[in-house]
Amino acid sequence: MPANPKHLTQSGWQRFAKITAGIIGGYLITVLLHMCFALLMPFHKEALITSILTLFMLWCVFTLIPFLFKSGWKAWLLYLGIIFILLIVYYFSIQNNPFIL
């Protein structure tokens, strides 16, 4: 049974925003989340090795989330906010980590 056209995104820009937010934004969030997790854990090498498996699973989830929004630009706004927060956590984790020279 085909999808009802009234529920589909009509604008090409909205579709583009949702796809790029899912692929690019989702990847950046997933990578930053794993990098922060690895820096904050005492066994950072093991955390990075384990992240290879969980990175793909989380990226798939973060790729689907923008399609739940009405507007792709709102999804980008949310993703950019999360990316900014994770970058701040990553920056301060590097400053306080004695293992990184």
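**Entry 1: surface patch.** I looked up the nonpolar surface patch of this predicted model and found Leu 40, Phe 84, Ile 85, Ile 88, Val 89, Tyr 91 and Phe 92, with about 710 Å² of accessible area together. Patch members have over 30% relative accessible area and no salt bridge, and nonpolar side chains (Val, Leu, Ile, Met, Phe, Trp, Tyr) are joined within 5 Å. A salt bridge is a side-chain nitrogen of Lys or Arg within 4 Å of a carboxyl oxygen of Asp or Glu. Areas follow the Shrake-Rupley method with a 1.4 Å probe. Helix α3 (residues 72-96) gives the largest share, six residues; helices are DSSP runs (H or I) of at least four residues.

**Entry 2: Phe 92.** I noted that Phe 92 lies in helix α3. Phe 92 is partly exposed because its relative accessible area is 48%, between buried (under 20%) and exposed (over 50%).

**Entry 3: core.** I found that the largest nonpolar core has eleven residues, among them Ala 21, Trp 76 and Ala 75. α1 (12-40) and α3 each supply at least two residues of this core. Such a core joins buried Ala, Val, Leu, Ile, Met, Phe, Trp, Tyr and Cys residues through side-chain atoms within 4.5 Å.

**Entry 4: Ser 71.** I located Ser 71 in the loop between α2 (44-64) and α3. Ser 71 is buried, since its relative accessible area is 17%. A polar atom of the Ser 71 side chain lies 3.2 Å from the backbone nitrogen of Trp 73.

**Entry 5: conventions.** Residues are numbered from 1 along each chain as its sequence is written. Local features need pLDDT of at least 70, side-chain atom pairs count only at pLDDT 80 or more, totals for chains, interfaces and linings use all residues, and side-chain values use heavy atoms, leaving out hydrogens and water.

Key: Patches are made of residues with over 30% relative accessible area and no salt bridge: like charges are joined within 9 Å, nonpolar side chains (Val, Leu, Ile, Met, Phe, Trp, Tyr) within 5 Å. Buried means under 20% relative accessible area, exposed over 50%, partly exposed in between (1.4 Å probe, protein chains only). A polar contact is a pair of N or O atoms within 3.5 Å; within protein, one must be able to donate a hydrogen and the other to accept it, and residues adjacent in sequence count only if both atoms are side-chain atoms.
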